[in-house]
Amino acid sequence: MRATLSRKAHFNAAHRLYRKDWSFEKNDEVFGKCNNPNFHGHNYELIVSVTGEIDKETGFVVDAKILKSLIEDEIEAVFDHKNLNLEVLEFKDLNPTAENIAVVIYNKLKPKLAANLDLEITLYETPRNFVRYSGE
Ligand SMILES: Nc1nc2c(c(=O)[nH]1)N=C([C@H](O)[C@H](O)COP(=O)(O)OP(=O)(O)OP(=O)(O)O)CN2
Ligand SMILES: [Zn+2]
């Protein structure tokens, strides 16, 4: 029997949406106020969902305590109160859009989970904008 265990987390981070290889005008045209050179911030809300067989002995898909620690160590410690463009290696040459942040989070967590577990990342950048990514 399969089920999904989800864990919520959050982090605050600053970012700027732009491409280094575009002019300021082109970045302004495409990214608007998100191209502010002085950055801006969001209270990101993260939902990490793990799907798999329910273990017959424990009743767990995955131990929620272990998932909590994984998110703290791999995501919150790296992203919380950081400037994503300047302080998080993965975004040195990658625009820190909600889509790309969700992919980076997926890629950090997936190898840390048992191979038979499926992972879905839901990332709210604002209360109204959110992204889902599950590796496809
Ligand atoms: N496809 C995407 N579009 C946008 C992203 C993104 O990550 N992916 N990000 C942004 C900006 O980061 C921007 O800061 C979002 O803020 P805003 O437009 O203010 O979002 P709100 O939900 O708060 O907007 P309201 O107009 O107040 O509803 C832009 N686009
Ligand atoms: Zn933004």
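Colleague: What is the bridge partner of Ala 13 in strand 3?

Modeller: In strand 3, Ala 13 is bridged to Lys 82. Strands are DSSP runs of E, at least two residues, and helices are runs of H or I, at least four, both numbered from the N terminus. By the way, this is a predicted model: local features need pLDDT of at least 70, side-chain atom pairs count only at pLDDT 80 or more, and totals for chains, interfaces and linings use all residues. Residues are numbered from 1 along each chain as its sequence is written, while chains are lettered from A and ligands numbered from 1 in the order in which they are written.

Colleague: In what order do the strands of the sheet come?

Modeller: The order is 3-1-2-4-5, in an open sheet with mixed pairing; two strands pair if DSSP finds at least two bridges between them. Strand 3 (82-83) and strand 5 (130-133) are at the edges with a single partner strand each, so one side of each has no neighbour in the sheet.

Colleague: And in which sense do strand 1 and strand 3 pair?

Modeller: Parallel, over 2 bridges.

Colleague: New topic: which residues is Leu 123 in contact with, leaving aside neighbours within four places in sequence?

Modeller: Among them are Tyr 44, Leu 46, Ile 105 and Phe 130. Contact needs C-beta atoms, placed from the backbone, within 7 Å.

Colleague: Last one: how does the shell around ligand 1 divide?

Modeller: Into 3 nonpolar, 4 polar and 3 charged residues. Ala, Val, Leu, Ile, Met, Phe, Trp, Tyr, Cys and Pro count as nonpolar, Asp, Glu, Lys and Arg as charged, and the others, Gly among them, as polar. The residues around ligand 1 include Cys 34, His 40 and Arg 128, each with its C-beta atom, placed from the backbone, within 6 Å of the ligand.

Technical notes:
Two residues are in contact if their C-beta atoms, placed from the backbone, lie within 7 Å.
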